[in-house]
Amino acid sequence: MVPAEGEPVTPEPPPGPDATVKDRPSEPRRIPFLGISIALIAIMAGSALFLSGYSMGRQAASEPGTPTSEAEAFQPFWDTYHAISDRYAGGEVDRTVVVQGAIRGMIQALGDPYSAYLTSEEYRESLLGISGQFEGIGAEIATQGLDGTEGCTTLGSACHLVVTKPLEGSPAEKAGVKTGDIVVSVDGATVDGLTVDAARDKIRGPKGSVVTLTLQRGTDSPIQLTITRDVVQTKEVESKALAGGTVGYIGLSGFSDVAADDVVTALKAHLDAGRTKLILDLRGDPGGYVTAARKIASQFIASGPVFWEQDAKGNQVATEALGDGVATAADLRVVVLIDGGSASASEIVAGALQDTGRAQLIGQQSYGKGTVQEWQELSGEGGAFKLTIARWLTPDKRWIHDIGLTPDVVVTLPDPVPAGSDPTLDRALEVLAGPAALADLPAVA
């Protein structure tokens with residue numbers, strides 16, 4: 001399924017975790033952006049957006065110039081810049097573009113997949129994405145073959161672009177888009193010959209702009225719907241009762257501040273219903289804001305470090321539990337589901353609950369994203385860059401970068417996993433149905 005127009009598109013390293021979003025206010029000013037998802041919601045389809053851990057850097061107030069001590073090292077840079085400015089005869093020189101290229105080159109030279117330069121538009125979209133919002137019409141879309149299977153590549157007579165769900169309260173829902181609608185054209189142009197991503201890009205767009213979709217609904221004549229795009233909040237938290245109402249399940253697909261609040265609400269509802277067994281499902285969750293990770297972990301951990309940050313000089317600072325958790329009671333049994341798509345902020349939460357003995361991890365090895373990135377906005381339309389500025393460590397000071405977290409109960413998945421089955425969730429329910437001491441439970445294949 002492709003996220004609709006608006007998701008954070010930051011797919012860099014596979015599977016996509018980018019950084020632990022540190023939501024600290026920048027100095028001297030805050031950067032008030034939302035979150036962009038792809039407008040149809042292409043639910044983080046591999047776009048490894050910012051997976052976890054960002055903080056806002058300080059914008060330089062002045063141009064310090066080249067320090068005397070570094071003048072010799074920077075001389076080749078200035079020689080090149082001045083040669084381009086003064087002597088380039090291939091056309092007019094856009095100095096902004098040249099400077100942006102230099103900045104991009106410096107960041108790329110680090111060889112760090114989590115540090116990057118973004119233009120002002122890319123920066124805006126990225127910030128929108130990691131906060132669980134996007135600008136678009138608010139509908140999930142997927143490709144579908146004539147036999148009903150999803151995943152065909154090029155749209156055409158044998159491969160349709162289908163709306164799998166308009167989001168509740170979204171512009172798409174309000175305009176009358178329905179599940180099962182086939183998108184025939186966008187603004188009068190056919191989608192035949194396009195990939196799903198290319199079609200999604202035509203449907204997505206900034207808040208306030210208008211798009212006209214031609215839709216085929218059943219055997220009726222095609223209809224046209226004109227939709228004004230808006231900011232849409234994605235649903236990142238799923239909550240339900242399992243095992244005859246005895247187990248509370250909370251699935252999390254992102255770490256925005258809204259998602260953190262929704263987790264608290266869901267936990268309270270389960271506890272109010274008398275449930276003392278909880279499943280926190282972080283599978284496939286690439287992360288988000290560090291503040292959200294702290295808040296969610298703090299719901300289960302009463303006190304002490306949730307994680308540590310280690311800066312470039314080796315200094316370590318603890319981030320403590322907030323002390324207002326609703327699920328810290330000792331009689332609550334908690335398991336956390338993880339897999340190779342659980343990254344960054346997901347790993348902060350899972351690692352914190354594992355190290356403190358608050359929960360058992362069940363599933364497969366997690367992704368292994370153990371660094372924190374900081375955003376620094378550049379002046380004017382210079383865009384911004386994100387830079388790895390710290391490592392994060394679990395409460396026991398483990399650095400899981402490029403390693404991941406090892407589950408306490410390993411579940412080896414069959415290949416392929418039978419449709420409609422969920423071996424990891426089944427194993428979690430078995431664990432919760434058994435004795436509280438889980439340390440000796442064997443791995444299962």
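This dialogue goes through a few features of a predicted model.

Reader: How are two packed helices described, in general terms?

Author: Packed helices are described by the angle between their axes and by the distance between those axes. Here, take helix H7 (residues 290-298) and helix H8 (residues 345-355): their axes come within 9 Å and cross at roughly 25°.

Reader: Are H7 and H8 roughly parallel or roughly antiparallel to each other?

Author: Angles under 35 degrees count as roughly parallel, and the H7 and H8 axes cross at roughly 25°. H7 and H8 are therefore roughly parallel to each other. The crossing in which H7 passes H8 is right-handed.

Reader: Which residues make the contact?

Author: On the H7 side they are Val290, Ala293, Ile296 and Ala297; on the H8 side they are Ala345, Ile348, Val349, Ala352 and Leu353. Sorted by class, the contact of H7 with H8 has nine nonpolar residues, no polar ones and no charged ones.

Reader: Now the strands. How do strands of a sheet pair?

Author: They pair through backbone hydrogen bonds, in either a parallel or an antiparallel sense. For an antiparallel case, look at strand S10 (residues 210-216) and strand S11 (residues 223-228), which pair over six bridges. Val210 stands opposite Thr228 in S11. The hairpin of S10 and S11 has six residues between the strands, and Gly218 in that hairpin takes a positive phi near 60°.

Reader: Which strands run parallel, joined by five bridges?

Author: Strand S15 (residues 277-281) and strand S18 (residues 333-338) do. Within this pair, Lys277 has Arg333 of S18 as its bridge partner.

Reader: What is the strand order of the open sheet of six strands?

Author: The order is S13-S14-S15-S18-S19-S22, and the pairing is mixed. Strand S13 (237-242) and strand S22 (409-410) are the edge strands, each pairing on one side only.

Reader: Which helix lies across S13, S14 and S15?

Author: Helix H6 (residues 257-272) lies across S13, strand S14 (247-252) and S15. H6 runs at about 175° to S14. Angles over 145 degrees count as roughly antiparallel, so H6 and S14 fall in that class.

Reader: How far apart are Tyr114 and Leu387 in sequence and in space?

Author: They are 273 residues apart in sequence, while in space the C-alpha to C-alpha distance is 7.3 Å.

Terms used
Residues are numbered from 1 along each chain as its sequence is written. This is a predicted model: local features need pLDDT of at least 70, side-chain atom pairs count only at pLDDT 80 or more; totals for chains, interfaces and linings use all residues. Side-chain values use heavy atoms; hydrogens and water are left out. Two strands pair if DSSP finds at least two bridges between them. Helices (H or I, at least four residues) and strands (E, at least two) are DSSP runs, numbered from the N terminus. Axes are lines fitted to C-alpha atoms, for helices over the stretch in contact, and angles run from 0 to 180 degrees between N-to-C directions. Angles under 35 degrees count as roughly parallel, over 145 as roughly antiparallel, 65 to 115 as roughly perpendicular and the rest as oblique. A crossing is left-handed if the near helix is turned anticlockwise from the far one by less than a right angle, and right-handed if clockwise. Contact means heavy atoms within 4.5 Å. Ala, Val, Leu, Ile, Met, Phe, Trp, Tyr, Cys and Pro count as nonpolar, Asp, Glu, Lys and Arg as charged, and the others, Gly among them, as polar.
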